[in-house]
Amino acid sequence: MKVIVVGAGVSGFSAAWALVKKGVEVTLIEQGPIPNPLSASGDQHRIIRRAYGGQGGYQRRIGDAYAAWDAMWDDLAEKHLVDTGFLLLSQVQGDDGDTYLQGLKDGGYPVDEMTPEETATRFPFVDPETIRFGAFSSEGGVLLCQKIATGMRDWLTNSGATLLENTRVSAVNAERGEVTLEEGTTLSADHVVVTAGAWTLGLLPSLSSDLTTYRTAVAYLTPPEDLRAAWENGPTILDVGGTVDGYVLPPVAGTGLKVGAGVHKRVSGPNEGRDPEDGEGITIRNLFGPPFARIEEYGVADVVTCAYTFTRDEHFFVKSEGKLTAVSACSGHGYKFGAVVGQKIAEGVTSGDLGKTRIWLEARD
Ligand SMILES: Cc1cc2nc3c(=O)[nH]c(=O)nc-3n(C[C@H](O)[C@H](O)[C@H](O)COP(=O)(O)OP(=O)(O)OC[C@H]3O[C@@H](n4cnc5c(N)ncnc54)[C@H](O)[C@@H]3O)c2cc1C
């Protein structure tokens, strides 16, 4: 069996990996380099956690997500997941920190609840005057995306897959199982899988009623010198509380201290606004004080823009027609499921039962 995969973000290279392991002849086509820094999967790190409150179907699937990463680490002979644990902060009653804590308790997950003072003693970058509580759970951490992508690129190459980098697909034909490359060549296969992230609508505009593309940016910060060690040994912060939907990834395994916020996104095409705006890093940084003390002392080392797709209810998306399957496992929370999404795509394509893949990815049960 021959399969073409369009797009080498986490969904695409994981699908290629799982297909190769099933003996499929795979061609993986990426418009940029692999890893592509402009893809949603191309940043330094992404959060993974076991407690997935509020989205029951994904909560029931997170064990499979961890198992799939373990299978990938076996093939890469290296684990690219750092178990930092994660912290929740609450600034006002009913904020996301509060809701996540309730989810942890309801699910019976291990969690240390701390007063503001206890939180600031353990994590000295927190301003205790601005929070209601802190809560730490040991079962979470960060996935090292660039190391995973580089490892997968090499593994796929060594395993006989064909990787076409800097090669843009300009059209797909579902009936014939064909893709046309920008330079004019047409390639065909038994099945074509489109995992094109924020660029999906460029290839398949009919999906515009299902998918919306956003642009956001994250800031890499340099903490004050006396807080550097605290951050280097710090947790992932799943939510900083308040109203900004803010999260923090600590500087581990060669990565930087990264902050991002759900409020800092807007509807946009995937190639628009990809250069950071003047002062954008400071704007993002300032969303984090409160709850962090001395936020103005943090330098902005870098600002990285990002484009990603959302479905209306933030469940993943799969649509098959003829010899074509389009997958968008994103909505801002898809990286952690990347390896298992690849496995589910491979199972569906090789068995012909893509309905089962759709049910798994949509996670409504
Ligand atoms: C700021 C931000 C923070 C996030 N944080 C988290 C987190 O902490 N945890 C988590 O689990 N998830 C998180 N996510 C979501 C996660 O990053 C995405 O779900 C995931 O990376 C999507 O992967 P993908 O492979 O579907 O898309 P992408 O990574 O975007 O990959 C699509 C690829 O297809 C290529 N492509 C597109 N069109 C073509 C074409 N025509 N020809 C050839 N190649 C093409 C693109 O160049 C790109 O490389 C976050 C997302 C963002 C933006």
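Predicted model: local features only at pLDDT ≥ 70, side-chain atom pairs only at ≥ 80, totals over all residues.
## Where the ligand sits

Domain 1 (2-74 + 144-211 + 313-362) and domain 2 (86-137 + 212-310) both contribute residues to the shell around the ligand, so the ligand lies between them. There are 35 residues around the ligand, and Glu30, Gln31, Ser41, Ile47 and Lys336 come nearest. Sorted by class, this shell has 17 nonpolar, 14 polar and four charged residues.

## Contacts with the ligand

Now for some individual atoms. In the side chain of Gln31, an N or O atom is 2.9 Å from an oxygen atom of the ligand. With Ile47 the backbone takes part: one of its polar backbone atoms is 2.8 Å from a ligand oxygen. At Gly332, a backbone N or O atom lies 3.2 Å from a nitrogen atom of the ligand.

How much of the ligand does the protein bury? Taken alone, the ligand exposes 1000 Å², and the protein buries 97% of that.

## Salt bridges

Side chains of opposite charge can pair when their charged atoms come close. In this structure there are 21 salt bridges. One of them joins the side chains of Asp43 and Arg46, at 3.7 Å from N to O. Are these two residues buried or exposed? Both Asp43 and Arg46 are buried. Another salt bridge brings together Glu178 and Arg176, with an N to O distance of 3.2 Å.

Some of these pairs join up: Asp313, Arg358, Glu362 and Arg364 are linked in a network of salt bridges. Within it, the side chains of Glu362 and Arg364 meet at 3.5 Å, N to O. Glu362 counts as buried because its relative accessibility is 17%, and buried means under 20%.

## A closer look at Glu280

Our last stop is Glu280, found in helix H8 (residues 280-286). Why is Glu280 called buried? Its relative accessible area is 3%, under the 20% cut-off for a buried residue.

Which partners does the Glu280 side chain have? A polar contact of 2.6 Å joins it to the side chain of Arg215.

Terms used:
Residues numbered from 1 in each chain as written. Heavy atoms only, no water. Salt bridge = Lys/Arg side-chain N within 4 Å of Asp/Glu carboxyl O. Buried < 20%, exposed > 50% of the residue type's maximum accessible area, 1.4 Å probe, protein only. Near = heavy atom within 4 Å. Polar contact = N/O pair within 3.5 Å; in protein donor to acceptor, adjacent residues only side chain to side chain. Areas by Shrake-Rupley, 256 points an atom, 1.4 Å probe, with all protein chains shown as cover. Nonpolar A, V, L, I, M, F, W, Y, C, P; charged D, E, K, R; others polar. Domains from an automatic or database assignment. Helix = DSSP H or I, 4+ residues; strand = E, 2+ residues; numbered from the N terminus.
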